[in-house]
Amino acid sequence: MNSAVIQRTGVLFADWMANWGRVVLDGVETVGAMTLFAWKTLRWMLTKRPHPESLWPNLYQVGVLSLPVVALTGTFIGMVLAVQSHFQFSQLGLESRLGAVINMTLVRELGPVLAATMLAGRVGSAMAAELGTMRVTEQIDALDSMGANPIHYLVVPRVLACLFLIPTLTVMADFMGFVGGYGYSVAILGIDEHYYLYNSEQFVEAFDLFAGLFKSFFFGAAIAIVSCYRGFHCRPGAEGVGHAATTSFVISFVLILMLDLFLGILLDSFYYTVWPQGASLF
Amino acid sequence: MMLTDSNADVNEPLLHLQEIRVRFGSYTILRDLTLEIPRGQTLAIIGESGCGKTVLLKSMIGLVRPEQGKVWFNGLELQHLNEQELTRERIKIGFVFQQAALFDSMTVGQNVAFPLRHHVRMDAAEIPDHVVERLAEVGLPRHVVLKKPVELSGGMRKRVGLARALILDPELVLYDEPTTGLDPIMSDVINELIIRTRSRYTVTSVVVTHDMRTARKVADRIVMLAPVDQLNDGDPQIIFDGPPSELERIQDPRVGQFVRGEAGSRLTEVLH
């Protein structure tokens with residue numbers, strides 16, 4: 001290998017390293033800026049009540065308008081779980097335990113994750129796009145110039161709406177999933193209604209419902225902070241607004257799954273520490 | 001309803017910027033810029049696109065934080081103020097944004113009433129009268145209060161923006177390109193409103209514009225900025241500072257070219 005090729009390889013490697021270094025630094029900077037943004041939001045939440053004029057529309061947007069889509073997807077997920085689990089469990093002759101599996105999965109995992117995903121897609125992206133447009137058209141600067149803190153006026157009501165209403169949406173997703181799974185199992189798959197409900201009651205505990213709702217608070221906070229942050233730091237132009245909406249959903253979704261994993265491990269550790277005998281499906 | 005600070009020394013400049021430097025990434029927008037604006041003056045800041053006029057205007061109210069230098073408003077250094085103190089000073093300043101920056105989700109009436117509802121203890125029943133009065137001062141009829149900003153023309157939006165900026169009787173009004181995108185008649189209406197606002201409320205005004213007609217008509221002092229990337233090291237960024245009447249006598253070709261609106265050497269940049 002001659003020296004020119006070695007030199008060229010060295011330059012390419014240095015460029016590659018520099019690019020990765022830039023990506024890592026940008027990532028660290030974004031995480032730091034987002035943490036500061038969340039801290040400022042928390043400080044405003046604790047020190048000054050939000051304006052009702054900005055809180056109520058957000059509660060309506062997050063809670064009322066999200067209910068139909070969460071209910072619909074919850075119903076279908078319950079039915080899909082019934083179809084998939086029935087095939088597996090029937091091979092083992094355990095069809096009667098279907099209620100336990102479907103409802104445990106819904107209450108602990110799919111209900112909260114599904115409600116959060118729908119919230120991130122329906123509300124989070126819209127928040128990022130709306131705040132991004134406000135940034136691009138100088139409406140956020142206008143708030144600042146008129147002595148109204150934009151984080152207090154725009155971010156706090158959105159975070160509170162997500163925090164307060166995501167548990168409600170999760171309960172709705174759980175309930176409609178239960179209805180869908182029960183309806184499909186009993187009416188179409190012919191599972192005995194008594195055993196379906198008996199097994200559900202035996203294996204799904206209040207702690208499972210609590211675990212799902214506990215996780216949903218973190219999902220709601222993550223969606224609201226990420227979406228508002230992306231909107232506030234939107235690049236100029238229509239492309240910037242589109243990018244803010246897309247990235248807010250992608251980051252929120254990844255965060256939902258990461259939080260789901262770590263909170264799941266944490267809650268399981270807590271459960272088995274307090275109730276060492278645990279619960280068994282078989 | 002007047003929110004002005006009666007303790008302020010009337011002899012000191014209302015606004016004083018000292019050697020401010022603003023950079024976005026590696027790009028320097030403002031370089032060691034010093035400017036004093038006495039009370040009651042109407043200053044026009046001119047210069048070609050990208051020279052930092054709007055950034056300078058936003059630095060005056062703390063919307064852009066200079067990485068170096070100091071900004072004093074009413075004798076108070078903005079960088080040293082906490083959130084509450086900054087808010088108290090900001091409500092003495094009205095900002096008219098280039099595209100008006102009206103809140104899309106609110107009606108015109110709610111937009112104009114916004115500063116009142118947030119900073120003045122006033123009976124809610126009195127607010128509509130104040131709003132209608134301010135809208136009438138900028139030539140807008142009562143019925144526009146119920147319209148959304150998207151239903152208004154560009155000129156009407158600018159006038160609503162002006163009414164909103166004036167609702168708290170500010171000491172300083174900052175105008176960012178007030179006539180850009182308007183037809184010549186509406187531009188002159190806005191110019192007249194700027195003059196009338198000054199004479200009626202005795203405010204200090206800063207008008208960022210590249211419309212020479214506006215600058216000549218409304219200003220008693222003009223400052224021209226040059227883009228930093230067109231300057232040599234050590235050159236001042238302010239290339240003209242004086243009354244409008246002196247503009248024609250200035251020898252600097254950069255000023256003459258801008259004032260006369262000549263492409264000059266810039267044409268060759270485009271063609272090659």
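**Ground rules.** I count residues from 1 along each chain as its sequence is written, with chains lettered from A and ligands numbered from 1 in the order in which they are written. As the model is predicted, local features need pLDDT of at least 70 and side-chain atom pairs count only at pLDDT 80 or more, while totals for chains, interfaces and linings use all residues.

**Where the chains touch.** I looked up the contacts between the chains (C-beta atoms, placed from the backbone, within 7 Å). Eleven residues of chain A are in contact with 15 residues of chain B. On the chain A side I found three nonpolar, five polar and three charged residues. Here Ala, Val, Leu, Ile, Met, Phe, Trp, Tyr, Cys and Pro count as nonpolar, Asp, Glu, Lys and Arg as charged, and the others, Gly among them, as polar.

Buried asks for 20 or more other C-beta atoms within 10 Å of a residue's own. The largest core has 140 residues, and A:L119 and B:L174 touch the most other members. Helix α4 (residues 98–136) of chain A gives the most to this core, with 20 residues; helices are DSSP runs of H or I, at least four residues, numbered from the N terminus. Beyond its neighbours within four places in sequence, A:L119 is in contact with A:S66, A:G124, A:C162, A:I166, A:L169 and A:I223.

**A helix pair in chain A.** How do helix α8 (residues 206–232) and helix α9 (residues 237–274) of chain A pack, at what angle? I found an angle of about 150 degrees, with the axes 8 Å apart. The axes are lines fitted to C-alpha atoms over the stretch in contact, and angles run from 0 to 180 degrees between N-to-C directions. α8(A) and α9(A) are therefore roughly antiparallel to each other, a label for angles over 145 degrees. Their contact divides into 16 nonpolar, five polar and three charged residues. Among those in α8(A) are A:F214 and A:I223.

**One residue in chain B.** I finished with B:V255, found in helix α8 (residues 253–260) of chain B. Is B:V255 buried or exposed? B:V255 is buried, because 20 other C-beta atoms lie within 10 Å. B:V255 touches B:M224, B:I239, B:F240, B:L247 and B:I250, not counting residues up to four places away in sequence. B:M224 is 31 residues from B:V255 in sequence, yet their C-alpha atoms are 7.6 Å apart in space.

Definitions and conventions:
Two residues are in contact if their C-beta atoms, placed from the backbone, lie within 7 Å. A nonpolar core is a set of buried Ala, Val, Leu, Ile, Met, Phe, Trp, Tyr and Cys residues joined through C-beta atoms within 7 Å. A residue is buried if 20 or more other C-beta atoms lie within 10 Å of its own, exposed if 12 or fewer, and partly exposed in between; C-beta atoms are placed from the backbone. Helices (H or I, at least four residues) and strands (E, at least two) are DSSP runs, numbered from the N terminus. Angles under 35 degrees count as roughly parallel, over 145 as roughly antiparallel, 65 to 115 as roughly perpendicular and the rest as oblique.
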